[in-house]
Amino acid sequence: MVGSRGSVRRLPNSCRNAFPDDRGPGGIGKTTVALAVADRLITSYADGVHFVDLAPVGDHRLVPHVLAFVLGHAIHSDDPIPALISYLRTKQLLLVFDNCEHVIESAAVLVEELLRNSPKLHVVTTSREPLRAEGEHVHRLAPLAVPTESEGLMAAEALEFPAVRLFVERATARLDSFELTDADASVVGTSAAGWTGSHSRSSWPRAASTPWGFVASRPT
Ligand SMILES: Nc1ncnc2c1ncn2[C@@H]1O[C@H](COP(=O)(O)OP(=O)(O)OP(=O)(O)O)[C@@H](O)[C@H]1O
Ligand SMILES: [Mg+2]
């Protein structure tokens, strides 16, 4: 991950008192930051860190069922929330709900119910809009820093900005021999300002082992 380290440092602390909602427009890096937070906290929860990608969920009523699926907990009831509460009541785990915006009300109700009843449960959500749920602490992601003045920018100076580093990382992945030169630095610096936050999440390599998420358990 490039930059955004402040967010990755602050979000785990927020988990203790509230559930942080990692918020921002499309492509700004919400999923990237949520995954980095999950990775950082992977050994802190006895019952693991569970990542629930809600992007493919078309029907808001399925949100609790998707969570049950990710947890590997079979539910035989039309009303899955009480069963999830009972399953999670004594668990010490972190749930990361990614892409809540299109099922926002269901996600908010589920998270409120679970947190009210499970004292050792922590939750992080990502969303383009706040959930407006009880206990939510909205953490707005800032775009990656870009050079404010690109004229006369040297490559070494440009590379101090996370947006330029991300640009170079992506360019090198496509073309091994790519190298940022002093001659290119000012053009790259200018275009990075327009580029950051506008790239598609479809290029993010998913670590998913199921259609909706992955389970990252504490190493034994
Ligand atoms: N700090 C970062 N370091 C490395 N890559 C990043 C960073 N921020 C964003 N990206 C890259 O930018 C793209 C978009 O990021 P991401 O999917 O995290 O955005 P998002 O805010 O979750 O978008 P959406 O609202 O569409 O879900 C991805 O390809 C990701 O790899
Ligand atoms: Mg995302």
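**Note on the predicted model**

1. Helix H7 covers residues 162-174 and has 13 residues. From first to last C-alpha it reaches 19 Å, close to the 18 Å expected at 1.5 Å a residue; the expected span is 1.5 Å times one less than the number of residues. Helices are DSSP runs of H or I with at least four residues, strands are E runs with at least two, and both are numbered from the N terminus.

2. Pro162, Ala163, Val164, Leu166, Val168 and Ala171 of H7 are buried (under 20% relative accessible area, 1.4 Å probe, protein chains only). Across the 220 residues of the protein chain, 45% are buried.

3. This is a predicted model: local features need pLDDT of at least 70, side-chain atom pairs pLDDT 80 or more, while totals for chains, interfaces and linings use all residues. Residues are numbered from 1 along each chain as its sequence is written, and side-chain values use heavy atoms, without hydrogens and water.

4. The protein chain holds eight helices and six strands. Their order from the N terminus is α-β-α-β-α-α-β-α-β-β-α-α-α-β.

5. Lys91 lies over the face of Tyr87, 4.3 Å from the ring centre. The criterion is NZ of Lys or CZ of Arg within 6 Å of the ring centre and within 35 degrees of the ring normal.

6. Aromatic pairs: zero in the whole structure. A pair needs ring centres of Phe, Tyr or Trp (its six-membered ring) within 6.5 Å; planes under 30 degrees apart count as stacked, over 60 as edge-to-face and the rest as tilted.

Key
Chains are lettered from A and ligands numbered from 1 in the order in which they are written. Buried means under 20% relative accessible area, exposed over 50%, partly exposed in between (1.4 Å probe, protein chains only).
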